Amino acid sequence: STRMRTSYLQMQDNVHLFGGYPDAATDRDLSGRDPLKNLTTISANIIDNGYQFNTCHVIGFGGANHAIVDGFRLAYAYSLPNKDLNNTVGTGSELYFNPILRDGGAVLLQDKIGGYGSMIGNKVRNCIVANCTSERGAAVFVQSSRSDVEIEVEFENCIIHNNTSTFETAGATPSAIYIESEAGGSVQVKFNHCNILKNVGYGLHLKGTGATVQLDNSMIWANATQAFARSEELANSGNTAFISPILLEIETGATLTGTNNLLDASATVPAGLTNTENKLTYLRSETTAEGITKEIYTYPVFVNPTKNIGATEEGDLTNYGGTVNFMPRNMNPMVNAATDASMSGTDISTNITRTYGGAADVGAVENTFLPENGKVYYVRTTGSDSNNGLSWGTAFATVQHALSVANTAAQSLG
């Protein structure tokens, strides 16, 4: 029904909502929390009558201040009109519904519909946002329409993947995350240790004077203008569906700053992003003219990622079947590439410290294949012994130099 499609969880002032607890948790024992192992889904599929009948949004922060959503999978919102099976307009609300707001599938912060006031101090942490569809901001939609409305929200340790934006108005672009200040009101959004990948639409779209975004220790990769069965299809440089510069749309007046991010190869790095590299590729290996297959070390290899681009109605489609896992493998350039300042926290599991493996990783999930303690030094043929050797991007050139540095470090600890 119309009422059911417009239903969603509305956060309240100072309310903190936590997920990721095991079934065995009781009111006296809340240990064992892990949002990855104990997946807690808030789904827009509330009547199980097909994807197009799902609710338009999952969670809203309309008028809420200092609210926190922590440890959930937010999924399957559908903000577009639903039609009958013949794709024609029905005669009843159960057959046809045209949402007033077609934006913001999973996370919604806006003042226009509902006449809300400012929304400050809000946080979304340790969450997965997936398989949502809307016009603008299929995963996240933040918009202030009045100069007196201030909006603040922080995203930390979040994986925003496989959402579909369909906004096709002339002169505009689709976007997984849409952030706008329409009338100069302050809109401040922070992303720290986030994965923004495999969405249909720009990973991030900023618009309007007053819209300010800080992006740190995050990756934006493999977002396209249409859905693909496999992300490797983006490797075709002649593919017209491939957004270039593929990661960001920053319109006049909006501001983007941040550090230690990894972006798509060949994309233009915005001036406000420091220590940020555009090196993430789309093929794991390539064959040279001599017929030699070489591993591409800037391909972000994960344990069990989704294989497609765009939202899927029935759930995640992974490379190896089973549960999706965006933990970076050892050869992933995200490993040990984050800022030192982020090493005091934990990853999306809320259990694995950012010091695991010697340094913090870019993105939401920390690699746990490396030794837990001590430092890890990297060596590659294209490296330099004048580097610090602490990540693939700053690798040494020779094993001997790495051994010497490791020996010196060990002696200093002794």
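**The interior**

Tutor: C132 counts as buried, because its relative accessibility is 0%; buried means under 20% relative accessible area, exposed over 50%, and partly exposed in between, with a 1.4 Å probe and protein chains only. The model is a predicted one, in which local features need pLDDT of at least 70 and side-chain atom pairs count only at pLDDT 80 or more, whereas totals for chains, interfaces and linings use all residues. Residues are numbered from 1 along each chain as its sequence is written, and side-chain values use heavy atoms, with hydrogens and water left out.

C158 is also buried, because its relative accessibility is 1%. Its sulfur lies 4.8 Å from the closest cysteine sulfur, that of C194, which is too far for a bond. A disulfide requires a pair of cysteine sulfur atoms within 2.5 Å, and the count by this rule is zero.

The largest nonpolar core has 47 residues, of which F61, F155, I179 and F191 touch the most other members. Such a core is a set of buried Ala, Val, Leu, Ile, Met, Phe, Trp, Tyr and Cys residues joined through side-chain atoms within 4.5 Å. At least two residues of this core come from each of several strands, including β11 (136-144), β15 (175-181) and β18 (204-207); strands are DSSP runs (E, at least two residues), numbered from the N terminus. In soluble globular proteins, nonpolar side chains tend to be buried together.

β15 is largely enclosed by the rest of the structure, because seven of its seven residues are buried. β15 runs parallel to β11, to which six bridges join it, and F141 stands opposite Y178 of β15. Three bridges pair β15 with β18, again in the parallel sense; here I179 stands opposite L206. Two strands pair if DSSP finds at least two bridges between them. Beyond four places in sequence, I179 touches V142, V187, V189, F191, L204, H205, L206, K207, A211 and V213, where contact means heavy atoms within 4.5 Å. A second, separate core of 30 residues includes L234, L280, V324 and M334.

S134, in strand β10 (residues 133-134), is buried, with a relative accessible area of 0%. A polar atom of the S134 side chain lies 3.3 Å from the backbone oxygen of R136. Outside four places in sequence, the contacts of S134 include S79, L80, R102, D103 and T164.

Definitions and conventions:
Helices (H or I, at least four residues) and strands (E, at least two) are DSSP runs, numbered from the N terminus. A polar contact is a pair of N or O atoms within 3.5 Å; within protein, one must be able to donate a hydrogen and the other to accept it, and residues adjacent in sequence count only if both atoms are side-chain atoms.
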